Amino acid sequence: MNNTMKERLLFLICFLCISFMLKAADKPVIKISTENVDLIYRVGDNGRLYQSYLGKRLNHATDIAHLPQGSEAYLTHGMEDYFEPAIHIVHNDGNPSTLLKYVSHTRNQVSPGVDEVVITMQDDKYPVTVKLHYVAYQKENLIKTFTEISHREKKPVQLHKYASSMLHLNRANYFLTEFSGDWASEAHVKEQPLEFGKKTIDTKLGARANMFCSPFFQLALDGKSEENQGEVLVGTLGWTGNFSFVFEVDNKNELRVISGINPYASEYSLKPNEIFRTPDFYFTYSFKGKGQASRNFHDWARKYQVKDGNQTRMTLLNNWEATYFDFDEAKLVKLMDDAVELGVDMFLLDDGWFANKYPRSGDHQGLGDWDETADKLPHGIGYLTEAAKKKGIKFGIWIEPEMVNPKSELYEKHKDWVIHLPNRDEYYFRNQLVLDLSNPKVQDYVFGVVDNLMTKYPDIAFFKWDCNSPITNIYSVYLKDKQSHLYIDYVRGLYNVLERVKAKYPDLPMMLCSGGGGRSDYEALSYFTEFWPSDNTDPIERLFIQWGFSQVFPAKTMCAHVTTWNKNSSVKFRTDVAMMCKLGFDIKLADMSKDDETYCRTAVQNYNRLKPVVLEGDMYRLVSPYGSNHTSTMYVGKDKDKAVVFAFDIHPRYAEKILPVRLQGLDADKMYRVKEINLMPGANSSLSGNGEVFSGEFLMNVGLNLFTTQQLNSRVIEVVAE
Ligand code: DGJ
């Protein structure tokens, strides 16, 4: 090679290098950041979008260039990837593939501390647009993601898959925690390693969506999840219907997490220019274990998501377990007196107050006919709201407006409003069927249940909105040839109704109930102030159930009632368990001794004083009931001046070594007085150090001897800075 040739070659190499560098610099890098977390996308030379990074925030801009390209962000069906796609569209010409290329992205501030990034992609052969939305909540280290899918083909395209989010992780090991169970046994914490292949957590229940498993998960990276250390990603879907989380470990041991509506039996025919907006998927990433992840969710939920998230909650007395269907005016008014005795804010009338042709004397009839049963309530609800008013308490009422008993006037008049298969025998879950909320007329009717009650009885201060049946016999007269839209349109119809309720009655608190914890998701909670985690109110079971739900939901959203379940446990034990959440009673004073009654009254007063700590503070799970004979949880006020610690001995063992419980979240340099409260009348505290002053440092490093060797013993400790 002569010199001229060498020079030419050198020039060519330099030119190629420079143009490559320019090209690389040209390719957008899209950073979605919170205070501690970065999710970074970059566009490849082929114009496609890749997730380069998800993890601890990278603060040196120049480092970004060193990141690997990563995996295709939102995988499509029909191209060169052989695992589960996020999106699968069949186009007008029958072509089932999609190839998305980056078009643009925007960034804007939604409000101080909240930023949104929208990445727009387009198919390079078909007029299909996919927009990935990311809303980053800085301080709470939480990211909300959703996807919008639209097209301009001539006829509808068929959507077979339409994920809200796809995330990629590349770590040595993955441990997945699911929250599964059954009716009265909700949200049990079960952890398992993820190996090659797929694990799906999903439901197909339609209305009562998450009876067997809850719509949230924890994913620990590298090692098993721990409360206060290690990396963990916690995710949940805001969708009150069929959901699906797919975890797939591929041939390179990389994990893909696809979250969204369960596409099962839900092929969606998307019209030209219609936007298919997926539900929101929310996730937080913690570097200090599950405890921090929970606190991120709690802070975010109270500030941004839950209805009246920044307001307090009412204590109440519910008549369900005190009377079931067997009540009349006199009994209810007597229970209101009990509510007054206890000092709670509200009386809540449960199921059984309505229907005349088929009175609601049991769960086999009456649902759908929302007029007061004349025999039971001759003077109507107005008499009860008036009685409550006179006694100085609020009045709340139970409804289950999405449902119908076949033995009802509604069913007789409007069978076309009922989800049922026209040519088959009906199958009933709790003797009832689900109304077809895809039908706007049914939406009007369901809205009318609330609206009529509120119009007639404006003093109603609270609704308990129940939903006891999954969708069975699935067929909609209204949807005709679009049957595969029913699961989705049902939920959309429900949201239309709830939106109208919220718009007309913005200050009306409502409890979300679904035969227990069958509905508990953050989209529903934008309409509801609280939810009923389980029909199981045995305090021992509740310790586990509340432990499960507390992973993503703050105390103020979780209703916990003192009932007669598990008579082996004292009323004190039952109340102490319920005081860790939103306290209520579902019991009559006649079921209690005088001492119990006095104890409960004082407990309600204590709870009212502690509400700012329990409902608004930071929660620390100190000792897990799983694999232990004891459990303890504490709440610390945001200013770290007040805290309350709950400790329970479930089943202490003979000669068991009992260790002190080390508190968390206090200020090491503050001095705190420690005092046992919620004592039975006449009882003295046996807690060593009771009434004494300790530094936060001592309490967090040495701890307090909270546990005992007594079966079903409980302690509530108030910790106040001097
Ligand atoms: C199921 C709920 O979970 C209970 O609290 C109660 O309201 C019943 N429904 C009433 O039917």
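Biologist: Which residue in strand 19 stands opposite Val157?

Modeller: Leu270 stands opposite Val157. The model is predicted, so to speak of a local feature requires pLDDT of at least 70 and side-chain atom pairs count only at pLDDT 80 or more, while totals for chains, interfaces and linings use all residues. Residues are numbered from 1 along each chain as its sequence is written, and side-chain values use heavy atoms, without hydrogens and water.

Biologist: What counts as a strand, and when do two strands pair?

Modeller: A strand is a DSSP run of E with at least two residues, numbered from the N terminus; two strands pair if DSSP finds at least two bridges between them. Here strand 10 (residues 157–162) pairs with strand 19 in the antiparallel sense over 3 bridges.

Biologist: In what order do the strands of the open sheet run?

Modeller: The order is 5-10-19, with antiparallel pairing. Strand 5 (87–90) and strand 19 (268–270) are at the edges with a single partner strand each, so one side of each has no neighbour in the sheet.

Biologist: Which residues come nearest to the ligand?

Modeller: Near means that a heavy atom of the residue lies within 4 Å. Of the 13 residues around the ligand, Asp350, Asp351, Lys464, Asp466 and Asp535 come nearest.

Biologist: What polar contacts does the ligand have, taking pairs of N or O atoms within 3.5 Å?

Modeller: Among them, a polar side-chain atom of Lys464 is 2.8 Å from a ligand oxygen atom. An N or O atom in the Asp466 side chain lies 2.7 Å from a ligand nitrogen atom, and a polar backbone atom of Gly516 is 3.2 Å from a ligand oxygen atom.

Methods: Helix = DSSP H or I, 4+ residues; strand = E, 2+ residues; numbered from the N terminus. Polar contact = N/O pair within 3.5 Å; in protein donor to acceptor, adjacent residues only side chain to side chain.
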